[in-house]
Amino acid sequence: MTARGVRYVRRGANASPAAAILRAVASKRARRLMFTAIVLSFAALYAHQQHHIAIGHSPLDAGSARAADRSRQHATISYWIDGDTAGVKLAGRSRPVRVRLLGAGAPETQHLTQCGGAAATAYARRQAPAGTRVTITTEPSSGDVVDVYHRTIAYIDGPRGDVGAALIRAGLATVYRFHQRRFARLPRYTANQAAARAARRGSWRSCPDFGSRR
């Protein structure tokens with residue numbers, strides 16, 4: 001082997017420990033970067049949740065540690081967006097909280113107009129007009145308390161009773177089970193729907209596709 005060949009061999013032997021050190025340093029740095037990314041992700045999620053709490057889009061029981069399975073709060077109806085979504089005013093909140101009826105689905109009126117939507121909205125407004133004192137009840141054991149639109153999912157009970165049940169009984173809403181959700185009032189809602197359908201009340205008579213949209 002020539003002297004030049006010996007120099008190449010020695011360089012190769014000396015390079016191995018250095019490469020190992022570089023790999024170790026790179027691995028340590030990668031772990032630090034991953035840890036930092038995880039911390040930042042949790043911080044961003046926390047900030048996002050606090051933002052929605054501040055603007056009134058949080059669950060009704062976000063500010064209190066409630067042990068009860070169902071969380072109830074008194075509220076006042078501010079407005080109805082459509083037959084199954086209302087804005088309600090809670091004590092200590094500057095803005096109304098949007099509430100989506102749990103277990104009842106009415107035809108759309110906002111992004112698209114569906115047959116029966118206007119009738120369902122008008123009926124909900126008669127059942128619980130603006131200014132009506134109501135009870136908002138969530139049911140965490142049966143599923144989510146807040147949907148993807150940041151609406152609280154809850155029953156609304158007013159002086160005339162359960163608004164969702166009344167809409168279904170009048171044939172203006174149907175039983176709505178997101179991801180086949182099983183909730184406490186499901187048997188009552190199902191019976192109300194069967195009776196309304198059999199009697200062809202409300203939109204069961206006037207809307208050919210009612211009951212097949214969800």
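Reply: A term to begin with: contact means heavy atoms within 4.5 Å. This is a predicted model, in which local features need pLDDT of at least 70 and side-chain atom pairs count only at pLDDT 80 or more, while totals for chains, interfaces and linings use all residues. Residues are numbered from 1 along each chain as its sequence is written, and side-chain values use heavy atoms, with hydrogens and water left out.

Me: OK, so what do the buried residues of helix 2 pack against?

Reply: They pack against strand 1 and helix 3, where helices (H or I, at least four residues) and strands (E, at least two) are DSSP runs numbered from the N terminus.

Me: And which residues of helix 2 are buried?

Reply: Gly-117, Ala-120, Thr-121, Tyr-123, Ala-124 and Gln-127 are, buried being under 20% relative accessible area with a 1.4 Å probe, protein chains only. Seen down the axis of helix 2, these buried residues fall within an arc of 165° (taken from the directions from the helix axis to the C-beta atoms), so they line one face of the helix.

Me: Switching topic, how many residues are in the largest nonpolar core?

Reply: It has 34 residues, and Trp-80 and Ile-156 are among those with the most contacts inside it; such a core is a set of buried Ala, Val, Leu, Ile, Met, Phe, Trp, Tyr and Cys residues joined through side-chain atoms within 4.5 Å.

Me: Which element gives the most to this core?

Reply: Helix 3, with five residues.

Me: Back to Trp-80, what is that residue in contact with?

Reply: Leaving aside neighbours within four places in sequence, Trp-80 is in contact with Thr-85, Ala-86, Ala-124, Arg-125, Ala-128, Ile-156 and Val-163.

How values were computed:
Buried means under 20% relative accessible area, exposed over 50%, partly exposed in between (1.4 Å probe, protein chains only).
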